[in-house]
Amino acid sequence: MRKALFLLTLFLFTTLSFATEKNMSNTHTKVKLTTSLGIITIQLEDEKAPVSSANFLEYVKQGFYNGTIFHRIIPGFMAQGGGFDQSFAQKTTNAPIKNEADNGLKNKRGTLAMARTSDPNSATAQFFINYKDNGFLDYTSATASGWGYAVFGEVVEGMDVADSMAKQATGNRNGHQDVPKTDIVIEKAEIVQ
């Protein structure tokens, strides 16, 4: 009887541990960006960048990114999007969020980070995909020059699509530089996991 009880206890403990591990490993939300060049799937860092991830997801749920463009692309650096529609009008955003660049995540190739102005806590909807390791964008100190740019996710599928953006011709448009001459549109952003 004791042996049967022990085995049952061991089975339940193992099952619960496995279920807990499985749930913990599935804490990364995935978002699919269907663009005019193909699909990019992003995995968010919900735990390490909770504010930035929740902010991004709120815009996704609102349909905010649908019909926006990647408006600034610099080969060998990054592709920025999420702020302008196809008529190059800047969309109205929610309030700025706290900068989470001190979360330990680095601006490495394929990561997503929040775009912002010179004010460290000014990020709203715009984000960028790093084309290479951009260590100079990482957090170094809680100063205006050291805050860096908060990484909150990474491309897990479709980096080839992101790379293809960097092959498009760019120019100037409405006072902005490095704008693709042919719009690269986020047709739809949706949560897939």
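Reader: Which strands does helix H2 lie across?
Author: Helix H2 (residues 50–62) lies across S1, S2, S5, S6, S7 and S10. Contact means heavy atoms within 4.5 Å. Helices (H or I, at least four residues) and strands (E, at least two) are DSSP runs, numbered from the N terminus. H2 runs at about 110 degrees to S10 (185–191). Axes are lines fitted to C-alpha atoms, for helices over the stretch in contact; angles run from 0 to 180 degrees between N-to-C directions. This is a predicted model: local features need pLDDT of at least 70, side-chain atom pairs count only at pLDDT 80 or more, and totals for chains, interfaces and linings use all residues. Residues are numbered from 1 along each chain as its sequence is written, and side-chain values use heavy atoms, without hydrogens and water.

Reader: In what order do the strands close into a barrel?
Author: Strands of a sheet pair through backbone hydrogen bonds, either parallel or antiparallel. Here eight strands close in the order S1-S2-S7-S5-S6-S4-S3-S10, with antiparallel pairing. Two strands pair if DSSP finds at least two bridges between them. Six bridges join S1 to S2.

Reader: How is an aromatic pair described?
Author: By the distance of the centres and the angle of the planes. Rings of Phe, Tyr and Trp (its six-membered ring) pair if their centres lie within 6.5 Å; planes under 30 degrees apart count as stacked, over 60 as edge-to-face and the rest as tilted. The count is twelve aromatic pairs. Tyrosine 59 and phenylalanine 64 form a tilted one, 4.7 Å centre to centre, with 55 degrees between the planes.

Reader: Are tyrosine 59 and phenylalanine 64 buried or exposed?
Author: Both are buried (under 20% relative accessible area; exposed is over 50%, partly exposed in between; 1.4 Å probe, protein chains only).
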